[in-house]
Amino acid sequence: MIIDRIANMLKRLVSNYFTLTGYTVAQEEIDAEVKRGVSFRGTNIVVLIFAIFIASLGLNTNSTAVIIGAMLISPLMGPIIGIGFGLGVQNFRLVHSSARNLAIAAGISVAASTVFFMISPVGEGHSELLARTSPTIYDVLIALFGGGAGIVGIASRSKGNVLPGVAIATALMPPLCTAGFGLATLQMQYFFGALYLFVINSIFIALATFIGVKAMKYTPIAVVDAAWNRRVRRIIYTIVALTILPSIYLTYNMISMNRFKLAADRFVTQEFRFAATHVLSKNATKSDGERRIDVTLIGRILPADSLHVAMSSRLQYYGLEGVKLNIVQGESPVFSGPTQTTTATDIYRIAQEALAERQHVVDSLEARLATTSRNDTIALQLSREVRALFPQVVSIAVSRSVFGSSGSERSDTVNVALLRYAGVLNGVGRQRLRDFLAARLKEPDIVLIDVTKDITLGHDAQADNDVAPKEPQL
């Protein structure tokens, strides 16, 4: 059967590329390496203390490079791997020793970082600190995959750089230092949030190690009955479930907040478009179940009540029903609180845009003024030239007029030459005059109007458009 042959081919492919046989070291070697990492005496405890202060300095100065360095030298990964490995091979003495050493190391880390941040003059939470206070389901997945890579790296003959990469990805030391910062500054939301992230990393690295040991079919060192095995598995699954549930809730809140901010940004960008008024800043927040959008405008003051009603009615089209909208206006930048994110660059950019817009208006007005001035001064010069070429023309005036139609909103701009004749100018002569004026004034079309009669006495002036034999009345 074709299906059977395809299945066998895929099976051989997976077996050839994903088999670990021949690529892993003996169980005794792994066991010895894990036990060395579990111990927290001598050099391990000294390195841990140095790693604590390096991580604390990195968080204090908001330096990612320093924090990465602390993760690389931190020995916290050893006891966590020991817990997972001990559970996998049913070495409960190793599990107990690893858990005890992990608790001691975590306690020392929190205590040392608390002392550091109590002494440090910097008491402000930077982005690297805040990033460790709101764990989500993504942190769970990072720890799970990181733990899986860690146990495979330990079992591998080639070793490579797996464990340092896992230490950086899972970030065990920074959450403990952030917890110490929370205690030192009495900000308990930092303490509990960072401590929860450390618990997530520890449990799911250990879980991935346990699964890896079972998948590689390492031999248990102790024989236990089936009932004991089931009890251990229930305990593990219960701890995993209790650990993961809060992260799911926090992930939901994070995704919901991100969607709200994206919708708010799209709403402000698309709706707050005004000729002489610009958005100086926008901020979307959520507190105690209330969603709020603060918008600060700079430039021409708009009617506050009408603006608020108009903008509030548009919220529903962006999925922002029930959101409270707060609009602040001012001729100059207005700063409404610590959540203001406007920078000098933003203000400079907005000022430049406003200046460019005003310069465009000035240039347009100057162009119109130049055209009007030219029409006012060119008549005398044109009259001499026209009189030399067309003796029948006594005087000439040039203007630009806008004609509107009563049946349409469309308007037409027409270049008009007002002429007084001393004699008859036939059709050919009028066409030559029109061509001359078009070339002289650099205008594509000129309408000639005969004003020989005294129009101030209510007499009609005749327009010369050469469309019909009889000239139409103006």
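User: Hi! Which helix does Y249 lie in?
Analyst: Y249 lies in helix α12, which covers residues 226-271. Keep in mind that this is a predicted model.

User: Thanks. Is Y249 buried or exposed?
Analyst: Y249 is exposed, because its relative accessible area is 55% and the cut-off for exposed is over 50%.

User: And how far is Y249 from I137?
Analyst: In sequence, Y249 and I137 are 112 residues apart. In space, their C-alpha atoms are 8.7 Å apart.

User: Okay, stepping back. How many helices and strands are there in the protein chain?
Analyst: The protein chain has 15 helices and seven strands. It has 474 residues, and 38% of them count as buried.

User: What about contacts, how many join residues at least 24 apart?
Analyst: If you take the contacts between residues at least 6 apart in sequence, 71% of them join residues at least 24 apart.

User: Where is confidence lowest, and where is it highest?
Analyst: Confidence is lowest in strand β7, residues 462-464, with a mean of 45. It is highest in helix α6, residues 92-119, at 89. There are also stretches with a pLDDT below 50, including residues 332-342, a stretch that has 20 contacts beyond near neighbours in sequence. Another of these stretches is residues 455-474, with 33 such contacts in the model.

User: Let's talk helix packing. At what angle do α8 and α11 cross?
Analyst: Roughly 40°, and their axes come within 7 Å. Helix α8 spans residues 137-155 and helix α11 spans residues 188-215. That angle makes α8 oblique to α11.

User: Left-handed or right-handed?
Analyst: The crossing of α8 and α11 is right-handed.

User: Which residues meet there?
Analyst: From α8 you have D139, V140, A143, L144, G147, G148 and I151. On the α11 side they meet L197, I200, N201, F204, I205, L207, A208, T209, G212 and V213. By class, that contact has eleven nonpolar residues, five polar ones and one charged.

User: Is S202 buried or exposed?
Analyst: S202 counts as buried, because its relative accessibility is 8% and the cut-off for buried is under 20%.

User: New topic: which loop does L186 lie in?
Analyst: L186 lies in the loop between α10 (173-184) and α11. L186 is exposed, with a relative accessible area of 70%. Its backbone is worth a look too: L186 has a positive phi of about 55° although it is not a glycine.

User: Why point that out?
Analyst: Most residues other than glycine have a negative phi.

User: And what is the phi of K217?
Analyst: K217 has a positive phi of about 60°, and K217 is not a glycine either. You'll find K217 in the loop between α11 and α12, and K217 is exposed, with a relative accessible area of 71%.

User: Back to helices. How do α2 and α5 pack?
Analyst: Helix α2 (residues 27-38) and helix α5 (residues 77-89) pack at an angle of about 140°, with axes 8 Å apart. That makes α2 oblique to α5, and the crossing is left-handed.

User: Which residues make the contact?
Analyst: α2 brings Q27, I30, D31, V34, G37 and V38, and α5 brings G78, P79, I81, G82, F85 and V89. Sorted by class, the contact of α2 with α5 has seven nonpolar, four polar and one charged residues.

User: At what angle do α2 and α6 pack?
Analyst: About 30°, with the axes of α2 and α6 10 Å apart. That makes α2 roughly parallel to α6, because angles under 35 degrees count that way. α2 passes α6 in a left-handed crossing.

User: Last one: what meets what between α2 and α6?
Analyst: V34, K35 and V38 in α2 meet L94, S97, S98 and N101 in α6. Those residues divide into three nonpolar, three polar and one charged.

Key
Residues numbered from 1 in each chain as written. Predicted model: local features only at pLDDT ≥ 70, side-chain atom pairs only at ≥ 80, totals over all residues. Heavy atoms only, no water. Axes fitted to C-alpha atoms, helices over the stretch in contact; angles between N-to-C directions. Helix = DSSP H or I, 4+ residues; strand = E, 2+ residues; numbered from the N terminus. Parallel < 35°, antiparallel > 145°, perpendicular 65-115°, else oblique. Left-handed = near helix turned anticlockwise from the far one by under 90°. Contact = heavy atoms within 4.5 Å. Nonpolar A, V, L, I, M, F, W, Y, C, P; charged D, E, K, R; others polar. pLDDT = per-residue confidence, 0-100. Buried < 20%, exposed > 50% of the residue type's maximum accessible area, 1.4 Å probe, protein only.
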